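Colleague: Could you walk me through how the labels in this model were assigned? I'd like the cut-offs next to the values.

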Amino acid sequence: MKRQDIIDKLCEEEYLQKEEWIELLDGYAESDREYAARKAREISGLYFGRQVYIRGLIEFSSYCRNNCYYCGLRRDNEKAQRYRLTEEEILACCEKGYRLGFRTFVLQSGEDGWYTDDRMAAVIRRIKAQYPDCALTLSIGEKEEDAYRKFYEAGADRYLLRHETADVRHYGMLHPPQMSLAHRKECLRVLKAIGYQTGCGFMVGSPGQTARTLAEDMMFIRELHPHMIGIGPFLPHKDTPFGKKERGSYELTLFLLSLLRIMEKNVLLPSTTALGTIAPEGREAGILAGANVVMPNLSPVSVREKYSLYDHKICTGDEAAERIDSLRGRIERIGYKIVSARGDWKERR
């Protein structure tokens, strides 16, 4: 079967077998990527028009208990610059973001035990009390079900937990033995059952990734039907075991964004910071591939460079929340419009 025929099959919401995914992703041509992007834009337009939602990203702690081999925040990286924002500093970020037009805040951190479940719930309650018209997304890692419920009851609306790979062998290549793909998948299922708008995702081009492991990712996402999907190219960090590995493919990332839009038609799909890091107009290219979310950085300027997941991460310029007008102009030049709205997941039509 030709790749474009497989894409058409996906457009019709037909289930792809693993071998079809492998055929689609292994050795695709630029014409296949462009064909998928056209289909993805059509589908995105049906659900969201030409609107792009903004999320204000607040990276509130660079401490992490985990030792993932790819991440600059990993526990054993002694060169990492550690910091924690106070509750008042987090609220100040929200205040600034609200004035700039943000109606979704994303609290992201390493898995930092200092922020106990009670502390996190208190922060969530304060944000929701002061900004009841805003959505709150958490991206703070693996927790027990009781913690997820506590955060949800405190007012959290969404939760992003990248699964990183749905292939158990590949997962073991990226993470220490103490971490479990089965547990991470269970966390995602629990989050969705509680009622969160739930997001998963993976790195494109991580060490050991193949068309076969990507097929597992796409099939897992089809099974989970998340509300959000975050993907971006793997970018190495010099102070990790993967510091000398090759970065992930920009073109494959765009192709996968399009395929995800085609498969999960109404999903909230960010054009990520990593795309903007790998190419000057990567963020715009992501939107033209089917993405409909961008996440400017609302963290205090003094800590932005310390939240170093990978080398050369952009955190100033148009990636900064303060430059939202400039970003708005860039998005308008490709025919889309940034909107100040919560940008919730929508039921399929």
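**Labels and their cut-offs**

Modeller: Let's start with E322: beyond its neighbours within four places in sequence, it is in contact with K96, L100, N297, V301 and R304, contact being heavy atoms within 4.5 Å. This is a predicted model, with local features needing pLDDT of at least 70, side-chain atom pairs counting only at pLDDT 80 or more, and totals for chains, interfaces and linings using all residues. Residues are numbered from 1 along each chain as its sequence is written, and side-chain values use heavy atoms, leaving out hydrogens and water.

Colleague: Why is E322 called partly exposed?

Modeller: Its relative accessible area is 36%. Buried means under 20% and exposed over 50%, with partly exposed in between (1.4 Å probe, protein chains only), so E322 counts as partly exposed.

Colleague: And what makes α1 oblique to α2?

Modeller: Their axes come within 9 Å and cross at roughly 130°. Axes are lines fitted to C-alpha atoms, for helices over the stretch in contact, with angles from 0 to 180 degrees between N-to-C directions. Under 35 degrees is roughly parallel, over 145 roughly antiparallel, 65 to 115 roughly perpendicular and the rest oblique, so α1 is oblique to α2.

Colleague: Which residues make that contact?

Modeller: R3, I6, I7, K9 and L10 of α1, with E20, W21, E23 and L24 of α2.

Colleague: Which residues of α1 are buried?

Modeller: In α1 (residues 3-11), they are I6, I7, K9, L10 and C11. Their cover includes α2 (18-25), α3 (30-48) and α10 (250-263).

Terms used. Helix = DSSP H or I, 4+ residues; strand = E, 2+ residues; numbered from the N terminus.
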